There are 2 protein chains.
Amino acid sequence: MGSVAPNVAELDGSKFNITRSTNLRDVPLPGSPEELSHSHCTDHMVTVKWTAANGWETPEVKPYQNLSIPPTASVLHYATECFEGMKVYRGYDGKLRLFRPDCNGERLNSSSQRSSLPGFKYDEVKKLVAKLLQIDGPRWLPNPGSFLYIRPTVIGNGPHLGVQVPKEALLFIIAVPWPDFTKMKKDPEAEPRKGLRLYASSPDTIRAWPGGFGYAKLGANYGPSLQAHGKAQALGFDQILWLFGPDRQVTEAGASNFFIIWHNTEGKLELVTAPLENQLILPGVTRRSVLELVRERLSQNFVGKLAPLEAVERTLTIDDIEKASKEGRIVESFVSGTAYFITPVAMIQNENTDINTLGANGEPAGYAAQIKSWLEAIMFGKEEHDWAYTIDNEEK
Amino acid sequence: MGSVAPNVAELDGSKFNITRSTNLRDVPLPGSPEELSHSHCTDHMVTVKWTAANGWETPEVKPYQNLSIPPTASVLHYATECFEGMKVYRGYDGKLRLFRPDCNGERLNSSSQRSSLPGFKYDEVKKLVAKLLQIDGPRWLPNPGSFLYIRPTVIGNGPHLGVQVPKEALLFIIAVPWPDFTKMKKDPEAEPRKGLRLYASSPDTIRAWPGGFGYAKLGANYGPSLQAHGKAQALGFDQILWLFGPDRQVTEAGASNFFIIWHNTEGKLELVTAPLENQLILPGVTRRSVLELVRERLSQNFVGKLAPLEAVERTLTIDDIEKASKEGRIVESFVSGTAYFITPVAMIQNENTDINTLGANGEPAGYAAQIKSWLEAIMFGKEEHDWAYTIDNEEK
């Protein structure tokens, strides 16, 4: 179910019906309340309707506007919804780029089918995003070195209230100015921090389970987790660190994947992150890119003062981390994701015990900064790389 | 979080702003395509806005209409949504009744807070429902012995795209004509059946987990389960029967609770259903009512030919059921819920094994029919009972 049946139209990101906005919106200033609200989208949006009977209709570009949704719609009752988080980057060469957009297209297709929503060819998604940015990019993202956040979403918007596989769906894509958390931390009023503070989840609340859907980017993974997230924030932490199982496996941190660099118990330098096999964690695009970059560029040789290390996907527990911290074996830890990018982690609180996850000298060792720098070079076009997808034909 | 902060307005179901529809909708005929679509609501709906800053606004009754929802709204991305299923019954005495509406109000409040949506006093919900039915009841539910389905829902409809506890919410209530599945089975064209056919879930797909949210009526419990539900239906089954854990515990059936009546291994006659303690299953209002009625009316004495039995909430496994079936110890089994009410179960398929769950003579023993009859007497006013809440002051 959810897949494209024969004789219905497939998603085609090469044809559009375009309705231009005649009432352009104000572009918020960086750091303004409008930008911080995460709600002030660009002038246009992309929508594509789907019905079980006819498949995907012609994509539309139209003025950004509220959606008209029946009170009986599946998405409002049964969480038939999934999304992607992407960014579009204005390169130092003036070009717009997406970062590995087919990874997002592939995951959105997978998430959509996991939600019993329709499938599509993964590479159509980047074409839809590109069309939106060809129109809104010049006005909304003029400055090299900056980005917009892109949110492709699929929802079940048909009017049938019965608990059933949706017969109608809507794919929509919006673009929104997003605070640059990296730059915000340089704000003189902000408390200086060496990294995020994570709050380990308690045994009575879990994010995902084997045989569940933690590996898919479904709305259903988020709403029920906000309670724990809100509790962590109220206690002064940045994110929740989700543990799982009686051995308290470290799975992922809030909306990002978790990495630790340590000397393992045999003394070997490793980058460790949770594995994908048991389908508990989201297979992050940034996660995958970190692993690939480390394996390609850091497994054999020193990079500056950074010693080579092995990237390992393996179950690790909070006790492993606490032990490594006590024994002075932790070199650095960080989270990765589209929204928070690559951010060092300073500490984890687990059951009232504070675990220092910075290096032995109280500073990140510099791996996260190096990886971030490599990724930014690709994203902003300093380095030519096939992970970057350039958006041409902007309408100036 | 999600609870009502001091100095913000609480939900008050005694005051309303009312806008009447001037364009009344057609009332669908029983069994018509409009009714079968589960989408043709009554003339009006109730909406109540909530903001973190000010709390609950004055409830509105207004013409049924689509909701205008920002594309960035929390409910579309993070499944900040929960609902209740209720029915309103037109009694044989001409009065409208709700069945234990405070149980639904209490569960909606609990589900809402579990979704980081606002809380409220449980008994306000029935007042909101009553107001809708005072207006729409006379035209939409004129016939004694019939019912409408009522859907109170809470969604996070604020425009903030960041992953955070919602700052805005909407409670809405709609009423929709719903097919009476009991009556439809009497349709001569329908295949005659002695009960539902359930398809036991496979170990690789799990509905809920300890520490999760299976006990709350969140959208997040439904969308991800549609895939398995769709598969079961495609194979010719009515519902999925959700198993859990290495011992394959029987938890609940699709959108309803599961009951079995058997002679246990010690020969004692029991009604068994899964317990609530581990928070895996939904604490159904009908489930609770079945247990209470059986304990009150069937634990000591014969009722007609029905022997007394003990109602037990206890973990049972699919192997227990298969063994009981093979040994001829099953007396009857059924599911309970608002949508499907009380419906006998004829068989369960588990890993290609068909388990007969009717009584030894191939017929339900009659307990489900008796319990259903007691409940209907209360719902339709044949029996005065404090589980029925009468809606007065209908606008004729």
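**The interface of chain A and chain B**

Guide: Between chain A and chain B there are 30 residue pairs in polar contact, both at pLDDT 80 or more; a polar contact is a pair of N or O atoms within 3.5 Å, where within protein one must be able to donate a hydrogen and the other to accept it, and residues adjacent in sequence count only if both atoms are side-chain atoms. This is a predicted model, in which local features need pLDDT of at least 70, side-chain atom pairs count only at pLDDT 80 or more, and totals for chains, interfaces and linings use all residues. Residues are numbered from 1 along each chain as its sequence is written, chains are lettered from A and ligands numbered from 1 in the order in which they are written, and side-chain values use heavy atoms, with hydrogens and water left out.

The contact (heavy atoms within 4.5 Å) involves 64 residues of chain A and 65 residues of chain B. The side of chain A that touches chain B comprises 34 nonpolar, 25 polar and 5 charged residues; here Ala, Val, Leu, Ile, Met, Phe, Trp, Tyr, Cys and Pro count as nonpolar, Asp, Glu, Lys and Arg as charged, and the others, Gly among them, as polar.

Strand E5 of chain A pairs with strand E5 (residues 67–69) of chain B in the antiparallel sense, over 3 bridges. Strands are DSSP runs of at least two residues, numbered from the N terminus, and two strands pair if DSSP finds at least two bridges between them. Within this pairing, Ser68(A) has Ser68(B) as its bridge partner.

Note on methods:
Helices (H or I, at least four residues) and strands (E, at least two) are DSSP runs, numbered from the N terminus.
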